[in-house]
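Below is what I looked up, element by element.

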Amino acid sequence: MKGPPSKAFFVGYFILVLLFGAGFTWAMGAGRFLPVLGQGVVVTVEITLAGACLALFMAFLAALTRLYAPWPLRWLATGYIEIFRGTSALVQLFWLYFVLPQFGIELSAMTVAILGLGLHVGAYGAEIVRGTVAAVPKAQWEAATALNLGGLRTVRRIIMPQALTAMIPPWGNLMIELLKLTSLVSLITLADLTFRAQQLNLATFRTTEIFTLVLLCYLALSLLMTLGIRLIADHLHARYGRPS
Amino acid sequence: MSGSSAVADTAGEPLVRFDKVVKSFGSLVVLKELDLAVAAHEKVSLIGPSGSGKTTVLRALMTLEPIQSGVIYVEGEPLTHMPRNGGLVPADARYKRRMRSKIGMVFQQFNLFPHMTALQNCIEAPLSVLGLGKDEAVARARELLQMVGLGDKIDRYPGQLSGGQQQRVAIARALAMRPKVMLFDEVTSALDPEVIGEVLAVIRDIGTEYKLTMLMVTHQMGFAREFSDRVCFFYNGAILEDGPPEQIFGNARHERTRQFLRAVLEAQ
Amino acid sequence: MNDIFNFAFAIQILPLLAKAAVITVEMTLAGFLLALPTGLLLVSLRLYAPRPIGLGATALIEFLRGTPLLAQLFFMFFVFPLWGIRLPVTAIGILALGFHYGAYYSEVYRGGIESVGRGQWEACQALNLGPLRGFFRIILPQAIVPIVPAMGNYLIALFKETPILSAIGVAELMQTAKVIGSDTFQYTEPITLTGVFFLVMSLISAAGVRWLERRVKGVHR
């Protein structure tokens with residue numbers, strides 16, 4: 001079975017997970033947990049979306065700064081990227097949550113979560129942006145020169161669209177990583193899916209059912225995201241063809 | 001070494017002139033004090049073994065490669081230097097762009113913009129550089145694409161076109177800028193044999209229709225022989241022999257030229 | 001300066017943190033050593049087992065990759081005892097790391113194996129080399145080239161995820177730093193030092209992986 005799993009596999013797996021989840025819930029009488037877990041899912045999705053926005057912003061800011069800004073700013077951007085990629089996400093979250101208050105800056109758990117994860121993922125995103133822009137073939141620049149298109153116009157109309165198309169699969173995978181990282185916010189007492197699971201467990205001791213459902217929820221979400229990325233990437237490839 | 005048989009235009013000045021141009025990549029010297037003059041409306045084929053410098057001539061003229069010494073003149077003006085205070089200084093961006101607008105180039109790998117349709121590829125530069133209105137640019141692009149035989153494919157993306165079709169779009173795209181000189185860098189080398197003919201036919205048509213000045217690096221000896229006014233044989237960074245096709249192909253003066261032609265024609 | 005960062009305190013807790021850092025490194029290596037064969041097993045099933053088992057392996061890989069390490073860790077921590085499996089937290093931590101990253105490694109192996117063109121297998125057949133010899137002498141050395149840097153990068157990622165084990169009380173660096181913080185109410189020094197430790201280690205390791213990558217490439221030119 002060569003190559004990455006097909007779209008059909010993910011569709012089938014997703015449906016299987018939903019069916020199994022439903023059947024399992026019904027069989028184990030776990031239906032009453034769904035509302036609380038659902039609240040957790042909402043928070044998880046909220047953090048993922050907000051974190052993704054911050055990450056996108058930081059990634060482009062840092063990558064473009066590194067490519068085109070004067071050297072002091074470039075140095076800053078590189079520092080940001082290296083520090084946030086080089087340390088643990090959890091350490092970063094704990095630092096924002098426990099250390100900042102010692103300097104009088106008290107941020108809510110939600111702010112820490114979005115800020116910490118957004119900055120962390122943004123650093124990885126910056127490398128994706130830089131990589132895909134650099135990967136646009138030099139020949140495209142030469143064609144633009146031959147047509148006498150100016151530098152800014154070339155970047156805006158020729159280079160960036162191609163870089164953006166190439167960026168989508170790695171960015172998509174990064175967003176799935178972000179989804180998984182949100183589970184860490186449970187450790188700074190934010191009521192996401194993982195936190196709710198522990199809460200419910202302490203209250204009801206229906207351990208197996210609760211944690212199985214939690215894993216299934218995360219799995220369903222990440223399968224859905226994987227499918228989404230595949231569909232977008234395939235659509236773009238169909239339109240524009242594979243890069244030569 | 002080069003008996004330049006350039007036919008000067010009525011003003012006496014060649015359209016393109018290389019004056020002792022030296023181009024090196026690090027320690028490798030690719031153009032050795034090259035002299036070359038091309039008259040207006042002249043069709044010149046550049047042939048020779050790989051590494052002999054012929055592609056570098058085109059790339060230097062298109063300002064894709066800087067030269068180490070010597071001057072390239074286009075319409076009598078230096079390409080990469082500006083006259084100032086009686087001497088020459090490196091040109092600023094505006095001057096370079098003005099000079100560059102006289103040259104157009106078609107590449108071996110087509111280099112179409114993959115995220116734009118054939119039509120969009122052809123209007124992008126006229127819109128932003130020449131400042132044409134949208135309607136005018138589209139009309140011009142349609143006409144050119146019609147002329148290269150792709151009138152019904154203007155809304156296709158490069159990924160949906162064959163190699164020969166992509167190259168024809170590339171030619172239309174370059175022509176849309178109305179350059180004075182068109183450069184063709186081995187434009188059929190990346191094509192399947194059966195579509196080479198359609199691209200060469202287009203080049204022949206536009207050559208006669210627009211009376212363009214053309215420099216073509218090519219391995220298509222038959223085409224070079226039949227279509228060019230003049231053939232330059234490059235060897236080791238200099239023009240070894242330069243003359244009309246009948247002379248080069250029929251009665252070359254230098255043994256090296258004859259050796260090269262024998263090897264190429266045997267392979268074809 | 002001492003208002004921002006109490007150097008005296010930092011130096012005082014350094015030995016404690018250093019001991020915990022050793023635990024972190026040990027957990028990393030143990031997880032890594034479990035992940036390597038786990039990945040190999042998964043990829044072998046996925047590529048070469050009969051289709052139903054292969055699909056099952058793929059589903060398992062996607063499950064391990066698609067769910068958070070923390071959720072997997074909690075599952076093992078809370079559910080295993082109910083199934084009669086009583087393990088110390090360090091063991092659970094190593095299992096979680098090993099399985100989670102085993103799935104990533106199975107993809108790394110797959111990438112390496114698939115990167116060796118069909119032509120190589122066919123050449124082995126044409127030369128009558130036999131499947132085992134062909135695999136070890138011809139295919140594997142070529143597959144290694146893309147595998148090594150990817151493997152190194154995931155090792156670094158594994159290392160940086162060990163603080164998650166603090167959630168079940170494994171006495172590694174992050175847990176120790178948190179304990180110091182909650183005991184003394186001075187969080188700045190322990191957590192910052194932890195961050196610096198990870199940063200330095202990850203920068204050194206990244207350089208190490210790049211060096212290794214060049215070495216492996218050099219052999220094949």
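My entries follow, starting with the ground rules.

**Ground rules.** I'm working on a predicted model, where local features need pLDDT of at least 70, side-chain atom pairs count only at pLDDT 80 or more, and totals for chains, interfaces and linings use all residues. Residues are numbered from 1 along each chain as its sequence is written, while chains are lettered from A and ligands numbered from 1 in the order in which they are written.

**Chain A overall.** I counted nine helices and zero strands in chain A; helices (H or I, at least four residues) and strands (E, at least two) are DSSP runs, numbered from the N terminus. Along the principal axes, I get a box of roughly 70 × 55 × 25 Å for the C-alpha atoms of chain A. Of its 244 residues, 41% are buried. By my cut-offs, a residue is buried if 20 or more other C-beta atoms, placed from the backbone, lie within 10 Å of its own, exposed if 12 or fewer, and partly exposed in between.

Among the buried ones I noted Trp95(A), Tyr97(A) and Phe98(A). Next I took α5(A), residues 109–135, whose 27 residues reach 39 Å from first C-alpha to last, close to the expected 39 Å (1.5 Å times one less than the number of residues). I found a bend of about 25 degrees in α5(A) at Ala123(A), taken as the angle between axes fitted to the seven residues ending there and the seven starting there.

**Sheet in chain B.** I traced an open sheet of six strands with mixed pairing, in the order β8-β9-β10-β3-β11-β12; strands pair if DSSP finds at least two bridges between them. At the edges I see β8 (103–106) and β12 (238–243) of chain B, each with a single partner strand, so one side of each is left without a neighbour in the sheet. Further in, β9(B) and β10(B) run parallel, joined by five bridges, and Met182(B) sits opposite Met214(B).

**Core.** Which residues have the most contacts inside the largest nonpolar core? I get Val214(A), Leu145(B) and Leu183(B), in a core of 200 residues. A core here is a set of buried Ala, Val, Leu, Ile, Met, Phe, Trp, Tyr and Cys residues joined through C-beta atoms within 7 Å. Helix α4 of chain C (residues 89–115) gives the most to this core, with twelve residues.
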